[in-house]
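Have the model open while you read.

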Amino acid sequence: MTKKALLMHWIVFGIVGAIALFLVLMATIVRDQPELPGQWSFHFFQQTVMKAAADRFIQEQQVKHAAWQMALDLAKEGGFVTSPPCGMINDTTLWNTKEDWTSCFPSIEENVFSLLTEKLNKQNVNKGYTSFRFSGTTLRGTSSQPGRVQSERSFYQEYTSSQDFTIDLGYSFDEYDSLQQEAKRLVNTCQFKPNLKSCLEQNKPVSWKFMSCTEERYPAFDQRQIPFCVKSSSLVLNENYQFQPVEYHFAVDFTPGQPFAVENIHAQDHPTPSTLIISFDQSPIPVEKYTVYFIDSSYGRSLLAQPSFEWKTIPSTVVHQKIDFPTLFLKKECPPDFTFLPGGSSYYCLEQGKVTIILYHTDLQQGKSFFVLVSATVHGEESALNTEIEQVTMGGSV
Amino acid sequence: MFKKESNAKKGEVVGDALDLLSILFTVLVILLFLHLTFTSSGEAKAQQVAVSLAQSYAQQELLVLLQTPITVESQEITLSDGILLWYHQRDRYGSLFTAEVQKLLEPEKCASLSIEPEGSSGIQIVNPLVISSQGRLCQLVTKYTSASLTFPNERLRVTYQYPVRP
């Protein structure tokens with residue numbers, strides 16, 4: 001071996017020795033260095049607690065957006081997720097029938113739970129929620145599943161936390177209660193008004209629109225179940241990320257408990273013997289039949305006008321009759337002149353909100369005077385018949 | 001003959017001197033390396049702690065920021081909803097949103113918020129939105145860390161950049 005080769009040999013040994021020394025020293029340095037205080041706790045906080053907080057934030061964000069969609073959908077169906085128990089009118093859910101609100105009005109808390117659960121399941125973000133409660137604009141969810149986050153490196157750490165949430169929707173489901181209160185007030189005010197349209201126009205809040213929020217129009221004249229559209233003042237983000245007011249669609253039944261008394265009765269004798277022409281206002285609600293009563297005026301007006309008066313109490317010695325006119329056969333057009341109608345039979349028709357009846361009866365004898373009364377019957381229930389008493393003398397009107 | 005032998009010896013001595021120099025150089029490098037390791041390990045640890053702390057602050061502040069209310073068209077919404085609103089209707093809310101975020105970023109924080117789609121999916125934003133707080137001292141900050149959060153439905157990533165202060 002030459003001197004040079006020997007030298008190179010030692011150089012190699014020297015380098016290897018230096019590296020070995022370096023590694024040994026490094027190991028000693030690392031081992032002898034004191035651990036930073038709180039390293040485990042800091043790692044735990046950063047890797048699990050903060051991660052859980054971020055996960056929770058994302059989850060709440062998803063629930064909030066699902067809740068907004070749900071609020072829009074629910075209001076569109078009048079608060080129902082299944083077919084409404086009291087039916088629909090013009091594709092709008094009925095919230096009452098006459099005085100009954102209990103069986104027709106939706107249970108909002110139940111329906112919120114059902115619809116929100118369905119939406120969260122569809123998006124695969126349901127964390128085992130067992131209830132949703134709302135108070136004001138706050139929605140609270142309770143979950144049966146705890147959330148778990150594990151650290152990814154250095155230490156084995158696991159953080160378990162509840163997945164309950166509290167979010168501010170900026171919209172309150174309590175609006176359904178306010179709408180119901182307002183609807184009840186309207187029913188109390190307008191239920192017994194024959195001209196429902198005029199009453200509603202005077203009493204409904206400005207935000208309540210007939211039928212549609214964009215193209216408001218009043219339904220048919222004799223319809224007492226009125227669909228409404230109400231825009232909430234609260235805006236939520238819709239699925240296209242646009243601000244949209246929650247729009248409620250529901251119908252309110254203004255049908256009175258009893259049929260309306262027939263108004264503006266007018267009776268006169270017809271040129272044909274034993275025949276009367278009776279006219280009165282059409283009932284503001286659909287009726288099954290009109291009933292015409294006539295009685296010899298000798299019976300006395302005061303007796304008829306008593307609140308406790310009953311038709312069947314009239315003695316048989318007094319001439320009196322009761323004749324039904326079912327609306328099913330009510331003619332929708334009246335002749336231009338009733339004078340030339342063939343005698344010996346009855347006829348009735350409707351024109352311009354007035355019902356006209358040509359009544360023929362052999363008891364209507366010439367020269368005699370009669371009281372005429374009219375009632376309307378709805379669902380077998382008859383209106384008061386003695387609110388208006390018209391008197392007519394055969395062979396010359398009174 | 002003698003002259004030839006003398007020249008060969010001279011060459012050998014020069015070669016040995018060069019070898020010795022290289023050995024000395026190697027030893028010096030090793031010593032320098034060891035010296036640096038000894039002296040800088042403490043600083044490195046301190047730096048590592050500073051980065052971790054900054055990262056932790058960034059995470060916390062990002063969450064707080066996202067839940068902070070902002071006003072858009074007289075409606076009070078959280079910044080996170082504002083981000084989605086901006087993302088889906090940039091033409092309408094672009095400048096309004098930027099101004100609202102600018103108000104939230106305090107100048108002395110030297111932080112910035114950026115929004116971009118995650119990965120290649122989602123709607124491509126040609127220039128991802130970056131809103132920075134611009135304090136006088138921010139030019140002195142040389143090192144930053146960041147925290148980010150992804151909105152899974154929109155696959156949108158929000159990143160909050162935060163300065164590392166030793």
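Burial first: a residue counts as buried under 20% relative accessible area, exposed over 50%, and partly exposed in between, using a 1.4 Å probe and protein chains only. This is a predicted model, where local features need pLDDT of at least 70, side-chain atom pairs count only at pLDDT 80 or more, and totals for chains, interfaces and linings use all residues. Residues are numbered from 1 along each chain as its sequence is written, chains are lettered from A and ligands numbered from 1 in the order in which they are written, and side-chain values use heavy atoms, with hydrogens and water left out.

**Salt bridges**

- Searching the whole structure turns up 14 salt bridges over all chains, each being a side-chain nitrogen of Lys or Arg within 4 Å of a carboxyl oxygen of Asp or Glu.
- One of them pairs D81(B) with K64(A), with the closest N and O atoms 2.7 Å apart. That pair crosses between chains, going from helix α2 (residues 79–88) of chain B to helix α2 (residues 39–76) of chain A. Both D81(B) and K64(A) are buried.
- K204(A) and E216(A) also meet through their side chains, at 3.3 Å from N to O. They link distant parts of the chain, 12 residues apart: K204(A) is in the loop between α5 and β8 (208–210) of chain A, and E216(A) is in the loop between β8 and β9 (225–237) of chain A.
- K204(A) has 15% relative accessibility, so this residue counts as buried. E216(A) has 38%, so this one counts as partly exposed.
- In chain B, the side chains of E106(B) and K109(B) form a salt bridge at 3.7 Å, N to O. E106(B) is partly exposed because its relative accessible area is 36%, and K109(B), at 23%, counts as partly exposed too. Salt bridges with shared partners join E61(B), E106(B) and K109(B) into one network.

- α2(A) packs against α2(B) at about 65 degrees, and their axes are 11 Å apart. Axes here are lines fitted to C-alpha atoms, for helices over the stretch in contact, and angles run from 0 to 180 degrees between N-to-C directions.
- The crossing is right-handed, meaning that the near helix is turned clockwise from the far one by less than a right angle.
- On the α2(A) side you'll find F57(A), Q61(A), K64(A), H65(A) and W68(A), which meet S80(B), D81(B) and L84(B) in α2(B). Contact means heavy atoms within 4.5 Å.
- By class, the contact of α2(A) with α2(B) has three nonpolar, three polar and two charged residues. Ala, Val, Leu, Ile, Met, Phe, Trp, Tyr, Cys and Pro count as nonpolar, Asp, Glu, Lys and Arg as charged, and the others, Gly among them, as polar.

**Helix packing within chain A**

- Helix α4 (residues 175–190) and helix α5 (residues 196–203) of chain A have axes that come within 10 Å and cross at roughly 135 degrees.
- The contact is made by R185(A), L186(A), T189(A) and C190(A) of α4(A) with L196(A), C199(A), L200(A) and N203(A) of α5(A).

**Chain B overall**

- Chain B has three helices and six strands, taken as DSSP runs (H or I, at least four residues, for helices; E, at least two, for strands) numbered from the N terminus.
- Of the 166 residues in chain B, 36% are buried.
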